[in-house]
Structures are given as structure tokens and as C-alpha cells.
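Hello,

Here is the structure I promised to pass on to you. Please open it alongside this note, and then read on for what turned up.

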Amino acid sequence: MEGVDESGTFRPMLRAGARFDPSAANKPILVFQDVHKAYKADAPVLRGMNLGIERGEFVFFTGPSGAGKSTLLRLLYAEESLDSGRILFMGREVGRLTPEAIPFLRRNIGVVFQDFKLVENWSVTENVALPLEVLGLPARLIRQRTGEALERVGLGGRGNDLAGTLSGGEQQRVAIARAIVGEPALVLADEPTGNLDPQLAVDILGLFEDIHDTGVTVIFATHDRSLLDIRPRRVVILQDGKTIDAPNGLEDPEELDQLQVA
Ligand SMILES: Nc1ncnc2c1ncn2[C@@H]1O[C@H](COP(=O)(O)OP(=O)(O)OP(=O)(O)O)[C@@H](O)[C@H]1O
Ligand SMILES: [Mg+2]
């Protein structure tokens with residue numbers, strides 16, 4: 001039964017901020033405060049970076065190659081640790097989560113990568129079902145949710161195909177289905193269109209917009225200026241270890257020159 005683990009204890013699924021401080025519901029979903037991160041002491045990547053993101057926002061992250069976009073996302077889902085400062089996700093400080101609490105964080109965050117990261121010799125369904133299998137949900141529920149997620153990305157009926165036999169655009173749709181199947185509050189996409197041709201890139205962006213329309217907060221890291229310009233939308237530029245916020249996008253070419261965005 002959903003929400004009941006092997007010991008029979010009630011275990012709420014992490015929807016709508018469950019397991020997190022209820023007062024967090026009225027606060028930004030994500031706050032970065034004075035975040036510093038260096039892999040090498042003489043080459044800091046993030047140098048006192050601040051940012052707040054509200055629930056339900058769609059935000060582009062952009063900036064030159066090596067600026068730290070991927071680093072920022074990895075800090076957020078606790079794949080890297082920061083040197084100083086704080087990242088608050090739903091009111092919880094990510095850097096202070098115990099190792100046991102990190103899976104709960106990750107259940108609330110869906111991640112999509114440039115290179116899809118599918119298991120190519122597994123079926124589409126097996127790939128998408130993985131996050132639910134890890135949670136130990138009953139097979140019937142996994143089938144149902146996986147089917148729904150595949151419908152949402154336009155791949156209903158493709159569940160039995162081997163993931164490696166799909167086109168690049170289709171594989172990215174599978175990866176998106178896997179990211180949303182657990183109904184996370186936040187979806188992070190790190191250059192999700194980097195391996196796709198321009199029309200496919202626009203289609204994939206549209207899919208993230210559909211996900212956003214269901215109330216999910218979306219962070220979409222990209223270099224692709226043509227995507228940033230499709231409609232006015234908040235863009236956060238990472239540069240010199242800090243963020244520059246462009247709440248209405250990068251329409252102004254002069255501003256763009258100043259920011260040295262590729
Ligand atoms: N695991 C690591 N060990 C050492 N240095 C790293 C590591 N990961 C990233 N870096 C360095 O940190 C800097 C930021 O890298 P990051 O991948 O976050 O940039 P990015 O903005 O995502 O770039 P791109 O647009 O090319 O994807 C780069 O100089 C990179 O070489
Ligand atoms: Mg990157």
C-alpha cells in the first residue's frame with residue numbers, strides 16, 4: 001500500500017512539502033545565502049552567491065562555460081558540499097542534512113542531464129520506474145505512475161522499447177519522465193537540450209513548460225540564447241562566482257554584451 005513501508009509504519013510520500021517544516025510553505029522554495037565553493041583553493045567557482053527562488057517559478061540559469069552552473073545544481077541536490085554559506089530547500093539547510101536525510105531531499109528534486117543518463121539496455125518503462133522502485137512502491141502503483149509519466153512526455157505506448165534504441169529527443173523525454181515520476185517539488189535541468197538539434201530543443205523546453213504549468217518549480221541551465229529569448233522569463237546569470245538577476249530576461253543586447261553571455 002502506498003505510504004506504508006515494510007515495518008508497517010506510515011511513511012508519507014513527499015508531496016506538497018511533507019516531512020518539511022510546514023511554515024516553509026510560505027517561504028521561497030530555494031534560498032542561496034553567501035555560498036562559496038572552490039574545488040581548488042586558487043580558483044574559487046562560487047564566491048558569495050545569493051539567490052532566492054519562489055515556489056512555482058521557472059528560472060533559467062546561464063553564464064559562460066565554467067561559471068559554475070552545474071556546480072550550483074550539484075550543491076543543491078547534495079552531490080557536492082559547499083565551503084561556506086547556506087542553501088535552504090523548503091526551509092531545510094541542504095549542507096546540514098544527515099546522510100540518511102539526503103534520499104528524502106532527492107525525492108523532492110527531479111534532475112535531467114544533457115546526456116540523458118539512461119540505462120540503454122533497459123526498457124523505457126524500467127528506466128522511468130527506477131525512482132519508484134527505490135521507494136519500494138507496490139508494482140501496480142509503479143506501473144500506473146510510470147504509464148502516466150510516459151503519457152505526459154508524449155511516449156505512451158513506447159514503454160517496452162529498449163531505451164538505447166530511441167532517438168536523442170525521445171531519450172531525453174524518457175529522462176524527463178523519470179525526473180517527474182516521483183512528483184518532485186523542484187525539477188533541475190542541466191543543459192537538457194545540449195545534445196539536441198534546435199527544433200528538438202524547443203520541443204523539450206515546451207515539455208518543461210508543461211511541467212511548470214502543473215505547479216512544479218523548474219530550474220533550467222542552458223547556454224542556448226535562442227531558448228532564453230523565446231519569451232520574457234527570469235534569467236539568473238552566473239558570472240565571476242556571483243549571480244546577476246534579470247527578472248524579465250535578456251532582451252537588451254547591450255546588457256547582454258556587458259554580461260558576456262555566450
Ligand atoms: N569535480 C571537479 N573537480 C575539480 N574542478 C571541477 C569539478 N567540477 C567542476 N570543476 C571546475 O569548476 C568550474 C565550474 O564548473 P561547472 O561544471 O560548474 O561549470 P558550468 O557553468 O556548468 O560550465 P558548462 O557551461 O561548460 O557546463 C570549472 O572551472 C570546472 O573545471
Ligand atoms: Mg555545466
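To start with the ligand: how many nonpolar, polar and charged residues does the shell around ligand 1 have? By class, there are three nonpolar, seven polar and one charged; here Ala, Val, Leu, Ile, Met, Phe, Trp, Tyr, Cys and Pro count as nonpolar, Asp, Glu, Lys and Arg as charged, and the others, Gly among them, as polar.

Before the rest, a word on conventions. This is a predicted model, in which local features need pLDDT of at least 70 and side-chain atom pairs count only at pLDDT 80 or more, while totals for chains, interfaces and linings use all residues. Residues are numbered from 1 along each chain as its sequence is written, and chains are lettered from A and ligands numbered from 1 in the order in which they are written.

**The ligand shell**

The residues around ligand 1 are Tyr 39, Val 45, Gly 63, Ser 65, Gly 66, Ala 67, Gly 68, Lys 69, Ser 70, Thr 71 and His 223 (a residue is near a molecule if its C-beta atom, placed from the backbone, lies within 6 Å of it). Helix H1 (residues 69-76) gives the most to this shell, with three residues. Helices (H or I, at least four residues) and strands (E, at least two) are DSSP runs, numbered from the N terminus.

**The six-stranded sheet**

One open sheet has six strands in the order S6-S7-S8-S3-S9-S10, with mixed pairing (two strands pair if DSSP finds at least two bridges between them). Its edge strands are S6 and S10 (242-246), each pairing on one side only. From one strand to the next, the twist averages 20°; axes are lines fitted to C-alpha atoms, for helices over the stretch in contact, and angles run from 0 to 180 degrees between N-to-C directions.

On one pairing, five bridges join S7 to S6 (residues 109-113) in parallel, with Gly 110 opposite Val 187. Another five bridges link S7 in parallel to S8 (residues 217-221), where Leu 188 faces Ile 219. Between S7 and S8 the chain crosses through helix H6 (residues 198-213), and this β-α-β crossover is right-handed: with the strands pointing away from the viewer, the path from the first strand over the helix to the second runs clockwise.

S8 also runs parallel to S3 (residues 58-62), with four bridges, and Phe 61 stands opposite Ala 221. H1 packs on this sheet, touching S3, S7, S8 and S9 (235-239), and its direction makes about 150° with that of S7. Contact means C-beta atoms, placed from the backbone, within 7 Å. Helix H5 (residues 168-180) packs on the sheet too, touching S6 and S7, at about 165° to the direction of S6.

Four strands form an open antiparallel sheet in the order S2-S1-S4-S5, with S2 (43-53) and S5 (92-93) at the edges.

Helix H3 (residues 124-135) has buried residues including Val 124, Val 128 and Leu 132. The buried residues of H3 pack against H4 (139-152) and H5. After H3 comes Gly 136, with a positive phi near 75°.

Enjoy exploring!

Notes. Contact = placed C-beta atoms within 7 Å. Buried ≥ 20, exposed ≤ 12 C-beta atoms within 10 Å, placed from the backbone.
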